[in-house]
Structures are given as structure tokens and as C-alpha cells.
Amino acid sequence: MTSTLSQANLQRDVMTLTRHVLQSFPSYTAEAQDFAALMGRISLAGKMIARHLSKAGLVEDALGGTGIVNVQGEDVKQMDEYANLAFIRALEHSGLVCRLVSEEMAESAELPENCSLGRFALLFDPIDGSSNIDADLSIGSIFSVIRAQGESTVDDADLLQPGAQQLAAGYILYGPSTQLVYSLGKGVHLFTLDPGLGEFILTKPDIQIPQQGKTYSINEGNYCQWSGAMQSYIRWVHRREGYTARYSGALVADVHRILLYGGVYLYPGTLAKPNGKLRLLYEASPLAYLVEQAGGIATNGTQGILTIMPEAVHQRVPLIIGSPVNVQEVLTCLQEQAATGAAC
Ligand code: AFP
């Protein structure tokens, strides 16, 4: 007789990503099938990247740089290039996505064969945290799905939509296991890749971010480059008991920790770069969508990330994201300093 535990495991193992997406719609509509197929393609790219990463050091083209500098002025790693292509190849004949915008491409890639009106556009960061790759540390891929509204596939103006208009967003975290977190605006759900099955299996449904946490995550090496208000917030954190610093150099990994345990991640503007480092459309916005779906807050310090009207596809934005109580502490400190000039 099959044990109760085996029965529970069998039950768990059939809750695949595809089934979960289909079940989140009231019936088996064309829209439900489109989203299930789309998430299937995105997860395929994630599996290809995870498989390639698992052989890093053994194969020639997983570690090290390409010698190329991307549109962001950053060195392109071999894995950046591989992951970017993995997304393109996984999506190009899907019939679902007609435009692709990525950190690694100056111009959006057009897939004309898929471009009937109302098709999706995918905005993605193929490898977030590239500097972690060669040290075998956690990295991620981030994605955002919007509806391409214009007929032109050359002009990106119709892709400049506030994050609140995203149809879906998520990330894939390549850590000790490979995990995929996604939302279609109906809660935030976490799947773990079962390498034997080759499937992402639901392991944490309906994630709610803790109201507050003890983690603050920021690159304090930039301290002298921040505004006085941001410096005063960090000094306030240092004086408080209970806060602990965690910073991995990969946004996905740091935000994932905060989604599960609570706390706040910050990448503020600096004197030299007032808009900070992170990209709005394929880093800050999708993560803001997830965190807000889970009950958290994401802001640039004065405005909610999801309400910002983008002006360019590769634009950067300061980011403060996490548990409501922790983010509110940052905002209160920034507002007090702006109003009175006094440190918090
Ligand atoms: P890389 O992909 O160039 O390593 O940048 C990663 C990232 O965009 C984000 O994942 C990190 O949180 C942040 O930059 C780290 O930047 P700093 O090294 O300036 O702290």
C-alpha cells in the first residue's frame, strides 16, 4: 500500500508550473492557454540556463568574459550572452511574444512572425548578478510581460508602460536549487526545479512578505556617494538593535531573501549616478510587482516604482523595496531629513 507520505509527494509532484497557470484562470480559455505556454517557454529558458550553469568550469563557454561591453557600459560575461540567447531561442517560435527587450541588447529584438496585434512583449535581465558567476554564487534571471500596444515593431514607445500594467512578472534564482517565482497578479508563487522530472514544482504557494524583518541589504561601499538623508538612515539602522546586513551582489538573491524573511533592499542614487544602477523595466518593475503582490512596498524614495512612467527602455531608477514596516522607516527618515534637515 502506498504510504501517506508518498501519496502527498505524488500530489505535490503533479502541481507543475503549467498546471498552476491554467488553474489560476476560471476556465480553459485562450488567454489561460497563452499564459501557460508563455510561462512554459520562460521556464524552458531558465532550465537551459540552470543546466549550463551546472557545468560551469567543465565547459568552455560558461565562465569568464566575452571582451564585449554592453549597452549599459558593463562587461558582458559568457553566461550573459548564453542566457540572453537562451531566452531568445526559447521564445522566438512560440507565436506568443513579438518583442524582446533585454539588458544585453541596445535595441529590442523583433519577432515579426509572432507580431499580430495584442501579442506579448517580454522584458528581461538574462543574468542578474553577473559578477557572482565566476565565484559560483547565486545569480538570477528577471522577467516582465506586458502587452505590446502599437503596431510598429520598430518603435519602442508602446513598451514604455508603468509597471502597474505588467501582465506577469517573475524571476528564476540559480542557487543551491533552481527556483522560479512568478505572479500573474493573483498572488506570488514559488516553484522548485526537480532535476529528475525536468519540471518546476510548486513548493510555496501564495507567499506573503513578513510585515517587517531584520535584514537591510545595501552596498555600504557607496556610503560617501549617497545623499545626506540616505547616510542618516543607515546610521539610524546602525544604532538600532536587531538589524543585520546581508548583501550578495545579486538583486534577485537579495530580494528573494527579503520576500521570504522580511527586511529592506536599497540601491539609492549616488552623487555620480542620481538614478542609481538598477534598470526600471526589467529589474525594479518586475520585482516591485512581485513584492507588492506579496504585501510589500517598492518605491524610488518619492514615488511607487509601479507608477513611474518610463521614458526609455534602459532607464535606471533608485530602488527601496521590501517589508512595509522597513520601507516605511526609510521613507520616514528621508522625509524628515527633507522637511527639517535634521538627521533621523
Ligand atoms: P552585475 O550583473 O553587473 O553584477 O550587477 C548586478 C546588479 O545589477 C544587481 O543584481 C545588484 O544588486 C547590483 O547590481 C550590485 O551592484 P553593486 O556591485 O554596485 O553593489
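Which residue has a backbone N or O atom that lies 2.9 Å from an oxygen atom of the ligand? That residue is Ser130. The model is predicted, so local features need pLDDT of at least 70 and side-chain atom pairs pLDDT 80 or more, while totals for chains, interfaces and linings use all residues. Residues are numbered from 1 along each chain as its sequence is written, and side-chain values use heavy atoms, without hydrogens and water.

**Ligand contacts**
- The ligand is surrounded by 15 residues (a heavy atom within 4 Å), the closest being Asp128, Asn219, Tyr247, Tyr265 and Tyr267.
- This shell consists of six nonpolar, five polar and four charged residues, with Gly counted as polar and Tyr as nonpolar.
- Tyr247 places a polar side-chain atom 2.6 Å from a ligand oxygen atom.
- An N or O atom in the side chain of Lys277 is 2.9 Å from an oxygen atom of the ligand.
- Of the 480 Å² of accessible area that the ligand has on its own, the protein covers 84% (Shrake-Rupley method, 1.4 Å probe).

**Largest pocket**
- The ligand sits in the largest pocket, meaning that more than half of its atoms lie within 2 Å of the grid points.
- A pocket is an open set of points on a 1 Å grid over the protein atoms alone, where a 1.4 Å probe fits, with protein on both sides within 12 Å along at least five of seven lines; lining residues have an atom within 4 Å of a point.
- The volume of the largest pocket is about 390 Å³, and among its 23 lining residues Gly129, Ser130, Gly249, Lys277 and Arg279 are closest to the centre.
- E5 gives the most to this lining, three residues.

Conventions: A polar contact is a pair of N or O atoms within 3.5 Å; within protein, one must be able to donate a hydrogen and the other to accept it, and residues adjacent in sequence count only if both atoms are side-chain atoms. Grid points are joined across faces, edges and corners, and a volume is the space filled by probe spheres set on the points. Helices (H or I, at least four residues) and strands (E, at least two) are DSSP runs, numbered from the N terminus.
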